[in-house]
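Hi there,

Here is the structure I promised to pass along.

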Amino acid sequence: MKRTVFFMTVTGLISGLCGCNPKNEKLQYPVAGKQDVTDDYFGTIVADPYRWLEDDTTKAVADWVTAENDVTNAYLSKIPFRRQLKQRLTELTDYERFGMPFKKHGKYYYYKNDGLQNQSVLYVKETLDGESSVLLDPNKLSDDGTVALSGISFSNDGKYLAYTISRSGSDWREIYVMDIATKQLTSDLIRWAKFTDAQWRGDGFYYSAYDAPEEGREFSEMNENHKIYYHKLGTEQNEDVLVYENKKYPKRFYTAWVNDDETLLFVFESGEGRGNHLFVKDLRRPEALFVQLTEDFDYEYSPTEVTGETIYFYTNYGAPKYRLMKANVNAPELKHWTDVVPEAENVLSGVSFIGGKMVLTYIRDASDHAYVYSLDGDREYEVALPTFGSIGFSGDKDDKEAFFLFTSFTFPSTIYKYDIEKNTSEKYLIPDVKFNADDFVTEQVFYPSKDGTRIPMFITYKKGLRRDGRNPVYLYAYGGFNISLSPAFSTWRIPFLENGGIYAQANLRGGGEYGEAWHIAGTKMQKQNVFDDFIAAAEYLIKENYSTNEKICIAGGSNGGLLVGAVVNQRPELFGVALPAVGVMDMLRYHKFTIGWNWASDYGTSEENREMFEYLYGYSPLHTIKNDGTAYPAIFVTTADHDDRVVPAHSFKYTATLQSADTGDAPKLIRIETKAGHGAGKPIGKIIEEYTDVYSFAMYNLGMKPKF
C-alpha cells in the first residue's frame, strides 16, 4: 500500500446569499483534506483519500466534526417551522408509556416512563392492583440521561437483581448487582462485557466479555476473543472463572443461557455463518463436559424452555420458516430432536410458555398472528387482535396469568391482560397519545420488483388523501440480516402524517418476513435484489399516483443506511430527499472495525475473492458516488460519536466524498451526535432533538409547509 499523507486544514465555512432561507444559500462545506492512500484488491487499485477520518481520536477529525456540525446547525436553524415541529414532537412524546408487567417470585415488575424522562424506570409492586415503588431509576445514573439500563436478570432465589448498563450508547456493558430487599448495590462490578446479560446459577452468574481494549480505541478496535466467565458474588472480576473460550476462532461470539431450574448450561457459538452452534453442559454433574448438539452454522438453534426432562428448541434446521422441536435431557444431540410443531406456511417468529401451554407467533405477510398450543403441539385457538400489527407476550410457564402488548402504525402500544384458559383479553394499560388515530388509515399493497418478485408494503396516511401524484412520502425499509419489519407505532411520524404526508414501509428481501429463503435472496451476490425491491417501491408509489419522485424521501438505518446510500447512487433522479442513518457505507473495509466481521454472512468481504470484491465495489455507497454533475437529492446523514456497532467513520468518509463530488446544489449535510451510539438507550431529549432535525430537513426539502 502506498501511504503518503498530506491534508489541508479542516475549516468550516458557510456563506449566505440570503439570511433567512436555506434554499437560497450556496452551501460551502468544510474542506476535508485528502491522503494519497490506496489499497490493492486483486489487481484493482482503490483510492481511500479520507482514511484519516477513521481515527476519530485525533484533533483533525474533531475539528472536521465541529465544522460539519456548524454548517448543519446553521442550515437547520433557518428552517421556518423547526421550532414548532419540536414543540409538536415534544407534546406527542409527553405521555405515560408502560412496559408489559412480568412476575418474578410473587412480585410484579414493569417499566414506565412518565413522558419526557430520558430513561424508563423499573417499578415493583406486591399485587397487580397494588401500590408500586421504584426499584431502579436509570435517570439517576447520569446527569444527562446518557447512561441506559440495557438488561436485567433476577437470581433464582429472588434476592438479587443483576443489571447491565450502557454508557453513551456504546455496546460495551457494565454489570452491577442490587440487593432487592434493601435496594442497595453489592460490591460486584463487571466491566468490558458485551452482547450479554447475567445468567444466574447459585450465588453467581455467567456472562460474556472481551479483554480490555487499548485505551483510546474502545469504540473502533476490532473485537476478538469473546469469552464466557462465571462470577461469584462478593468477589473481584479478576477472580472470575473462565468457563468457555475457543482460541481457534477469535472472531466468534460465545454466550450463555441457563434454564430456570439451573440444571443445564447452554452455550451459543455464532458469528461465522447465518446461524449458530449449540453446546450444553449438565450442571447436576460436576464432572460433566460440554456436549456439542449441532454442527452447521447455516441454521439457528435456540433452546426456548426446559420442562422436566424435555428441552424445547426453536430452529430453522430443515425448516426455512422455522419449527419447534424437542429432545430428552439425556439425549440432547440434534439427531435425537423430534417435531413438536412442524414448519407451517407462515414464519414461526416467537414461542412463549405460559400456564402449561405454548403461545406461538407467526408472521403472515409481515404482520403477527398468535395461537395457543398444547405442550404436545396441538393448536387450540387463535388470539384475537385488533388489526394487523405486532405482538409480544409476558407470562410464566407455571402461571396462567399473562399479558400481551399490541401495536400498529396508528395503534399506540397497548397492554392487554390475557386469560389463556378462556382465550379472552381485556385492555389493561391504554396510552393517552395526543392525536386522533381515527383520522388515519393503513393499507397493505403488493408490488412487483424488477424480477417480478411480489413485495409487501404498508402505506399509512390521513383519511381523505387525494391520489394526485403530489403527496410527500417517507419511504422506510431495512432489508437484511433476517430481520422482519412489522407494523409498529411511532410518535415521530405523526406530524408528517398530520400535514398530508404518507408513511410507507416496504418489506424487502434480505429480511425475515417469509423465512430463510427470503433472507438469503437478499445476501451476498444477491444483495442487488434488496436495492431493486426498494427502487420498485418508489416506482410503485409514483405509478399509482401517491406521489412523484421529487416528493419521495427514503430513509433507513444501519443496514438500511447502506440501502439508502446504494439506491441514491443507482437512481439519484428517483428521490427528493435521502436520510441514511448510522449506515454501513464502506463495503470494502466494514469488517475491519469492532464486530463488522460478523456481517460477512450477509455481505461477504472484499478480501475473500475477486468476484465478491467486484460485487461489493459495484454497490458500496462510498465508492459509487457520481462525480459528473448528476443531480442528487437532498441528503441528511446521521451518526454518533460512540457508535461502536457501525463506527462513524462510515458516515464521515461517505459525507466527505459526497460533499467534494459534483452532485448538484441540493444540500449534503451530516449531523453527528455526541455521547450517543447506534441508537439503543438514547435519552428522550436527544431523540426529540434528532427527529426534529431529521423531519425538519425532510419536510422542508420536500416542499412541505406544515401547520402546527
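Below is what I found, starting with the whole chain and then turning to two residues.

Please keep in mind that this is a predicted model.

**The chain as a whole**

There are ten helices and 40 strands in the chain. Its radius of gyration is 26 Å, close to the 27 Å that the globule rule gives for 708 residues, so the chain is as compact as a globular protein of that length. The C-alpha trace spans about 75 × 60 × 50 Å along its principal axes. Of the 708 residues, 57% are buried. The chain exposes about 28300 Å², with carbon and sulfur atoms supplying 46% of that area. As for charge, I count 77 positive and 99 negative side chains, and the centres of these two sets lie 4 Å apart.

**Lys112**

Lys112 sits in strand S6, which covers residues 107-113. Is Lys112 buried or exposed? Its relative accessible area is 14%, under the 20% cut-off, so Lys112 counts as buried. Its side chain makes a polar contact of 3.3 Å with the side chain of Asp114. Leaving aside residues up to four places away in sequence, Lys112 touches Glu96, Arg97, Phe98, Gln117, Ser120, Val121 and Tyr123.

**Glu224**

Glu224 lies in the loop between strand S14 (204-209) and strand S15 (227-232). This residue is partly exposed, at 31% relative accessible area. Not counting residues up to four places away in sequence, Glu224 touches Tyr210, Pro250 and Lys251. The C-alpha atoms of Glu224 and Leu116 are separated by 38 Å, and the two residues are 108 apart along the chain.

Best wishes

Methods:
Residues are numbered from 1 along each chain as its sequence is written. This is a predicted model: local features need pLDDT of at least 70, side-chain atom pairs count only at pLDDT 80 or more; totals for chains, interfaces and linings use all residues. Side-chain values use heavy atoms; hydrogens and water are left out. Helices (H or I, at least four residues) and strands (E, at least two) are DSSP runs, numbered from the N terminus. Buried means under 20% relative accessible area, exposed over 50%, partly exposed in between (1.4 Å probe, protein chains only). Contact means heavy atoms within 4.5 Å. A polar contact is a pair of N or O atoms within 3.5 Å; within protein, one must be able to donate a hydrogen and the other to accept it, and residues adjacent in sequence count only if both atoms are side-chain atoms. The radius of gyration is taken over C-alpha atoms; the globule rule is 2.2 Å times the number of residues to the power 0.38. Accessible areas come from the Shrake-Rupley method with a 1.4 Å probe; for residues, only the protein chains shown count as cover. Lys and Arg count as positive and Asp and Glu as negative; His and the chain ends are not counted. The place of a charge is taken as NZ of Lys, CZ of Arg, CG of Asp or CD of Glu.
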